[in-house]
Amino acid sequence: MKKPVLIIMAAGMGSRYGGLKQIDPVDQEGHIIMDFSIYDAVKAGFEKVIFIIKKENESDFREKIGRRMEQKIDVEYVFQDIENLPEGFQVPEGRVKPWGTGHAVLSCLPVVDGPFAVINADDYYGSQAFQMIYDFLSTQEDTDRYQYTMVGYLLENTLTENGHVARGVCETDENDKLTAITERTRIEKRGDGPAYTEDDGKTWNALPKDTVVSMNMWGFTKSMMAELQGRFAGFLEENLQKNPQKCEYFLPFVVDELIQEGKAEVTVLKSRDRWYGVTYKEDKPVVVKAVQSLKDQGLYLQKLWE
């Protein structure tokens, strides 16, 4: 089996945060959230990382993290380009929004030839998650169905005090296999607990605190690349007419389709760790405090790469 590689989605616009949040330090040593993710990944066994970035951010990324990481892990860059569409399609006039996480991962098609894990650049996942997903990808191969995996988190451990978040709400069977995943793009803490809205806050639907949600930490065999490529044109055909400026090709959408078609089996690896991330500027002090606490507990060195 080929060794799993780690893909980090870092091409997000940072629109809610108001800047290039992926390279904003979260401690006095200048580490960013990705430092902790890559540190945990290397410790788990990963030997290569692929950064998905925007071409215009390349120099910043190389300067802030790429050169630092190159001493510890093999580094490669791919670019998520809004113009990278199947033949016969073009970017709607006025659209600046990227095409979503499915399109981001599809950008790696030319450089991925084996199993891979996918994470967000600006989320802290915890060391347990990287070990679980590496071990799975190192031992599982496709059978009559694709053998994929996902690290799931308890919803209450993934919320911010400062606004709304997007999460993939998961349903699992008694064997911890994913049966369905629904992308909820606006989940907030409400008076009675977490809730989501689909109509800009006019109505709210409660969600249990222990709902298992996806933080976009996935593990796939190489087969996922062909599926993403093969389904993208159909997605565009259906959605460009409905929402030309903002429709997104979400990775969980494709996973859910494959499950419903009986083509894939997704094992949910459950983490009890707390998620940390900077969705809004107001989140940063919380993350800074959490990072120092993790260091004080001895989980990380003060200077990770010494």
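Predicted model: local features only at pLDDT ≥ 70, side-chain atom pairs only at ≥ 80, totals over all residues.

Q: OK, helix α5. How many residues does it have, and how far does it reach?
A: Helix α5 covers residues 223-239, which is 17 residues. From first C-alpha to last it reaches 24 Å, close to the 24 Å expected at 1.5 Å a residue.

Q: Where is the kink in α5 centred?
A: On Arg 231. The kink is about 35 degrees.

Q: Is Arg 231 buried or exposed?
A: Arg 231 is buried. Other buried residues of α5 include Met 224, Met 225, Leu 228, Phe 232, Phe 235 and Leu 236. Glu 227 and Asn 239 are buried too.

Q: Why would residues three or four places apart point the same way?
A: An α-helix has 3.6 residues a turn, so residues at that spacing point the same way.

Q: And what covers the buried residues of α5?
A: The cover includes strands β1 (5-9), β4 (116-120), β6 (146-154) and β11 (212-220). Helices α3 (101-106) and α6 (251-260) are also part of it.

Q: Switching to rings. How many aromatic pairs are there?
A: The structure holds 17. One of them is Phe 36 with Tyr 300, whose planes are at 85 degrees, so the pair is edge-to-face. Their ring centres are 5.1 Å apart.

Q: Where do those two sit in the chain?
A: In distant parts, 264 residues apart. Phe 36 is in helix α1 (residues 33-44), and Tyr 300 is in the segment after α7 (284-296). Both Phe 36 and Tyr 300 are buried.

Q: Which residues are in the cluster with them?
A: Ring pairs link Phe 36 and Tyr 300 with Tyr 39, Tyr 124, Tyr 276 and Trp 305.

Q: What about Tyr 146 and Tyr 148, stacked or edge-to-face?
A: Stacked, with 20 degrees between the planes and 5.5 Å centre to centre. Both Tyr 146 and Tyr 148 are buried.

Q: Which arginine lies over the face of Trp 99?
A: Arg 95, at 3.7 Å from the ring centre. Trp 204 has an arginine over its face as well: Arg 190, at 4.0 Å from the ring centre.

Q: Cysteines next. How many disulfides?
A: The count comes to zero.

Q: Why does Cys 108 count as buried?
A: Because its relative accessibility is 0%, and buried means under 20%. Cys 170 is at 9%, so Cys 170 counts as buried too.

Q: Now backbone angles. What is the phi of Asp 176?
A: Positive, about 60 degrees, although Asp 176 is not a glycine. Most residues other than glycine have a negative phi.

Q: Where does Asp 176 lie?
A: In the loop between β7 (165-172) and β8 (178-190). At 30% relative accessibility, Asp 176 is partly exposed.

Q: And what about phi of Asp 200?
A: It is near 60 degrees, again a positive value in a residue other than glycine. Asp 200 lies in the loop between β9 (193-196) and β10 (205-206). Its relative accessibility is 70%, so Asp 200 counts as exposed.

Q: Last one, Glu 282. Where is it?
A: In the loop between β13 (276-277) and α7. Glu 282 counts as exposed, at 52% relative accessibility.

Q: How far apart are Glu 282 and Lys 189?
A: In space, 15 Å, C-alpha to C-alpha. In sequence, Glu 282 and Lys 189 are 93 residues apart.

Notes. Residues numbered from 1 in each chain as written. Heavy atoms only, no water. Helix = DSSP H or I, 4+ residues; strand = E, 2+ residues; numbered from the N terminus. Expected span 1.5 Å × (residues − 1). Bend = angle between axes of the 7 residues up to and from the residue. Buried < 20%, exposed > 50% of the residue type's maximum accessible area, 1.4 Å probe, protein only. Contact = heavy atoms within 4.5 Å. Disulfide = S-S within 2.5 Å. Phe/Tyr/Trp six-rings, centres within 6.5 Å; stacked < 30°, edge-to-face > 60°. Lys NZ or Arg CZ within 6 Å of the ring centre and 35° of its normal.
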